[in-house]
Amino acid sequence: MCTGRITFNNQLGPHHLHMAVRLPVKFPDPIPGQFVMIRPTRNAGPLLSRPLSIYNYERDQNQVILEFLYRVVGRGTELLSQLTPAAEVNILGPLGRGFRIEKTRSHRILLAGGMGVAPISFLAHYLKGQVGGKHELKICLGAKSCAEIIGIERIKVMQGFLNIATDDGSMGSCGPVTDLLPNITQGCDPRKTIIYACGPMAMLKTLAEQLAPTGIPCQASIEERMACGVGACLGCAVAVKNRRKEIEQKSVCKDGPVFNIEDICWDQL
Amino acid sequence: MTTNHKVHDTPSKLTVEIGSLKLKNPVMTASGTFGYGEEYAPYVDLDRLGAIIVKGLSLKPRRGNSSPRIMETPAGMLNAIGLQNVGVKSFIRDKLPYLRQFATAIIANVYGETIEEYLRVCEILTAAGGVHALEINVSCPNVKKGGVAFGTDPDMIAEVTAGVKGVTDLPVIVKLSPNVTDIAAMAKAAEAAGADAVSLINTITGMSVDVEKRIPHLKNITGGLSGPAIKPIALRMVWQAASQVHIPVIGVGGIMSAADALEFFIVGARAIQVGTANFVEPRATINIIEGIEAYMKRHNIDEMDSLVGTLRI
């Protein structure tokens, strides 16, 4: 557990915020898809920390800066949203298994719905060194409306190919982000392609169904309520098929949050 | 010889005995809140703990309940994990060798759907070696069979306890449910049947509703409440049980700090378990051990026995 200090906590959308926290250098380097458990140090509210996916991090000789994009959904995130610069937070992490970069798959498609943009943007940034040459990177973002398309500044300046879809058509195409996929995957070689996705469970379920006949592999980062973040409380269980195709309970916090999309038992959610 | 023997010559003020089980301090991790120990090893020096009580073990692996399994509530949380566990054989093969390397007592929490299952699991754990005591879970509120069905009937508690005592020479702790009218009667039933100690309380059955969707927050509908919200109830029950039995009482329920732990000792608990606090602060157990030490120094108390059951009324 580390104590960090807020450097900014800005409102971005209707219930969306962008927070940066300064941490001591001992904080380990996170990989995209990993998360932290975070709570205000002076805590008069919820007992448990909240899991937040890492949006960005920077390290120099003296400090680590972690950034988060989050949406206010309950009391815990509401209290986080009220923190002002210099306020202290307790952070446990980085936690979980992030996205696994498959170097042999040169065609990478990143797909984010809603707040899924946070880890996907981190991943895009992480992969950008490999953009160009033989590697190709395409990014699809979806949200309810243009007001909720956030956190794309870093992606916009990248050479990647950015596609946007909104439910109300106020930005990009009208409809779910998964509707963008057929066009993007058309004609691509499933052996050289991989999809990295994060978003609401309904979106990921649709994605799983859509991808099943194509043979294109996909790593999906999923969400569940958590108490401990380290695999002890077993609160965030998800049914997953193992290599022998047996169904096992896995912890989203420790075994995930990133799983192969075809391993998740979507019918049991 | 210049070896300093001081460390060995001066036993820690914090040592306690639970039946034949000697603990270096009275702080244990509550079952189900500390995994199999390994999960917290990056954050906690496991050698410093009085005991590690592992997640409840059944004869066969259990997948537990469907998600959502947890929900935070004011000053606490509800859980309905449903005793997901790897099963006793896999525990012995995959988890116990890791735990054996620590100089900390390992207590296996045991669950069964039937008395026969309780006994079989206890036999297997006893034969395995490396387990220092058994905690019998007759109080899980989140399973359809066994668990609390045994823990709300003194005759059933007695039957399970006597049965377990017959198949093991390890100290037996019976973990009691608070979902009863008379906790002391349950403690006495366990004591009369030969229990070496009782631990209390397990979680209190509760529920929480999403008013927008009008659905329960937990898939299981009800769950067990833990955390600071239940501490006053736990404390009252520990006090009631401790004044009625002669075997050690182990206090559990909402202990977040050394001050909380001390309340339990003062009302009669010989040891305590830290549960939900581990989720909030992985180092909670260590902070509590250090806080108890500091309190004893400040009050010139030399041994735990001079503190236990010293409530002034």
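# Briefing: chains A and B

Helix 2 of chain B and helix 3 of chain B are roughly parallel to each other, because their crossing angle of roughly 25° falls under the 35 degrees that marks that class, and so they count as roughly parallel. The model is predicted.

**Helix pair in chain B**

- Helix 2 of chain B covers residues 88-100, and helix 3 of chain B covers residues 115-128.
- Their axes come within 10 Å.
- The crossing of these two helices is right-handed.
- On the side of helix 2 of chain B, Val88(B), Ile92(B) and Leu96(B) make the contact.
- Helix 3 of chain B contributes Val121(B), Ile124(B), Leu125(B) and Ala128(B).

**Open sheet in chain B**

- An open sheet of 4 strands runs in the order 5-6-14-11 in chain B, with antiparallel pairing.
- Strand 5 and strand 11 (204-207) of chain B are the edge strands. Each has a single partner strand, so one side of each has no neighbour in the sheet.
- From one strand to the next, the twist averages 40°.
- Strand 5 (residues 70-73) and strand 6 (residues 76-79) of chain B are antiparallel and joined by 4 bridges.
- Within that pairing, Ile70(B) has Asn79(B) as its bridge partner in strand 6 of chain B.
- Strands 5 and 6 of chain B form a hairpin with 2 residues between the strands. There, Ala75(B) takes a positive phi near 55°.
- On to the next pairing: 3 bridges link strand 6 of chain B with strand 14 (residues 222-226) of chain B, also antiparallel.
- Asn79(B) has Gly224(B) as its bridge partner in strand 14 of chain B.

**Asp182(B)**

- Asp182(B) sits in the loop between strand 9 (172-175) and helix 6 (183-192) of chain B.
- Asp182(B) has 13 C-beta neighbours inside 10 Å, so it counts as partly exposed.
- Between Asp182(B) and Met71(B), the separation is 111 residues in sequence and 28 Å in space, C-alpha to C-alpha.

**Helix 2 of chain A**

- Helix 2 of chain A spans residues 117-127 and is mostly covered, with 9 of its 11 residues buried.

**Overall build of chain A**

- Chain A has 5 helices and 16 strands.
- Its radius of gyration is 18 Å, close to the 18 Å from the globule rule for 269 residues, so chain A is as compact as a globular protein of that length.
- The C-alpha trace of chain A spans about 55 × 45 × 40 Å along its principal axes.
- Of the 269 residues in chain A, 48% are buried.
- For contacts in chain A between residues at least 6 apart in sequence, 65% join residues at least 24 apart.

**Overall build of chain B**

- Chain B has 10 helices and 16 strands.
- Its radius of gyration is 19 Å, close to the 20 Å from the globule rule for 313 residues, so chain B is as compact as a globular protein of that length.
- Taken along the principal axes, the C-alpha atoms of chain B fill a box of roughly 70 × 40 × 40 Å.
- Buried residues account for 57% of the 313 residues of chain B.
- Among chain B contacts with a separation of 6 or more, 71% involve residues 24 or more positions apart.

Technical notes. Residues numbered from 1 in each chain as written. Chains lettered and ligands numbered in written order. Predicted model: local features only at pLDDT ≥ 70, side-chain atom pairs only at ≥ 80, totals over all residues. Pairing = 2+ DSSP bridges. Rg over C-alpha atoms; globule rule 2.2 N^0.38 Å. Buried ≥ 20, exposed ≤ 12 C-beta atoms within 10 Å, placed from the backbone. Contact = placed C-beta atoms within 7 Å. Axes fitted to C-alpha atoms, helices over the stretch in contact; angles between N-to-C directions. Parallel < 35°, antiparallel > 145°, perpendicular 65-115°, else oblique. Left-handed = near helix turned anticlockwise from the far one by under 90°.
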